[in-house]
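Subject: Structure for you to look at

Hello,

Here is the structure I said I would pass on.

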Amino acid sequence: MARPSGIRKLSIALVSILCIGGVNAATGGALQRLAQRVVEPAVVHMPGLTRAIHWVGQWQITHETQDDLQAHIVSLSGRLAHTQDLVDENTFLRSLLRLSLPETYERVEARLWSVRMDGDGISARIQRGSRDGIREGGIVISQEGALVGVVRSVAETSAHIQLIMDPTFSVAARTLEGGVDLLVRGDADKGLRLELVSVEDAIQTGETLVTTGADSIPSGLMIGTIESVVRDAAAVFQSVRASPLFERDFDGRVLVLVPPKL
């Protein structure tokens with residue numbers, strides 16, 4: 001019984017070395033070959049240990065290739081993201097084709113990023129600037145033709161956008177359904193608020209607001225949807241709130257309508 005016990009101890013020791021050597025491909029491979037030549041003939045009646053040695057060898061092969069597999073997965077993920085970006089861009093362009101936009105405005109595609117709400121108001125930036133043809137006064141819209149904001153300052157590679165929710169933003173508008181003229185202002189807490197809505201004006205929740213073109217912003221751009229209407233018989237004007245339309249399913253893609261040079 002002494003001899004089998006010695007073989008078993010030797011075999012277990014070599015298997016332990018193989019497991020440690022698995023971290024190093026070259027060492028692990030050499031020890032595996034040693035185990036196959038010396039130990040396997042002696043442990044032919046010990047199938048459990050033989051399977052363990054075989055498993056260690058397979059583990060080493062897997063361990064050696066996992067870095068390559070990981071790199072391949074990263075590459076495929078990058079290609080998938082790029083493909084999805086192309087699909088989104090195609091959808092964006094197809095949506096723009098349905099819009100009736102002013103012919104005199106140049107058009108520059110961009111992405112909105114770095115949205116901020118601070119003491120200077122509510123703003124964002126786009127990764128397009130003067131070298132792309134962006135100028136102050138450019139009108140920023142979504143793929144559905146909804147008003148997003150106005151270009152207020154321009155650098156070479158980026159531009160600062162005042163969003164329509166900014167409290168200092170205003171635009172002449174009317175209700176699409178009822179044709180009531182009014183003024184839309186940004187409201188940091190409520191999204192948008194409507195001014196100059198007389199208590200006699202017929203206005204309801206759910207109505208759509210569009211630009212009239214009575215100011216520097218062209219007509220026909222959607223602004224928002226009326227969310228609440230409060231009438232007070234003792235007041236001259238109604239208290240009306242609305243939500244911006246561009247926020248619905250917005251993915252950050254925008255079109256800048258650049259006005260012609262004066």
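A hairpin joins strand 4 to strand 5 through 4 residues. Helices (H or I, at least four residues) and strands (E, at least two) are DSSP runs, numbered from the N terminus.

The model is predicted, so local features need pLDDT of at least 70 and side-chain atom pairs count only at pLDDT 80 or more, while totals for chains, interfaces and linings use all residues. Residues are numbered from 1 along each chain as its sequence is written, and side-chain values use heavy atoms, with hydrogens and water left out.

Buried means under 20% relative accessible area, exposed over 50%, and partly exposed in between (1.4 Å probe, protein chains only). Strand 4 (residues 147-154) runs antiparallel to strand 5, with 5 bridges between them; two strands pair if DSSP finds at least two bridges between them. One of the residue pairs here is Val150 with Gln162 of strand 5. Strand 2 (residues 121-126) is also antiparallel to strand 5, joined by 4 bridges. Ala124 has Ile161 of strand 5 as its bridge partner.

As for the whole protein, it has 3 helices and 12 strands. It has 262 residues, of which 38% count as buried. Among contacts (heavy atoms within 4.5 Å) with a separation of 6 or more, 57% are between residues 24 or more positions apart. The protein exposes about 15400 Å², and carbon and sulfur atoms supply 54% of that; accessible areas come from the Shrake-Rupley method with a 1.4 Å probe, and for residues only the protein chains shown count as cover.

How many aromatic pairs does the structure hold? There is 1, made by Phe246 and Phe250, and it is edge-to-face, with 5.3 Å centre to centre and 85° between the planes. Rings of Phe, Tyr and Trp (its six-membered ring) pair if their centres lie within 6.5 Å; planes under 30 degrees apart count as stacked, over 60 as edge-to-face and the rest as tilted. Phe246 is buried at 5% relative accessibility, whereas Phe250 is partly exposed at 27%.

Leu196, Val236 and Phe237 make a nonpolar surface patch of about 310 Å². For such a patch, residues need over 30% relative accessible area and no salt bridge, and nonpolar side chains (Val, Leu, Ile, Met, Phe, Trp, Tyr) are joined within 5 Å. A salt bridge is a side-chain nitrogen of Lys or Arg within 4 Å of a carboxyl oxygen of Asp or Glu. Val236 lies in the loop between strand 10 (222-230) and strand 11 (239-244), and counts as exposed at 58% relative accessibility.

Regards

Terms used
Patch = residues over 30% accessible without salt bridge, like charges linked within 9 Å, V, L, I, M, F, W, Y side chains within 5 Å.
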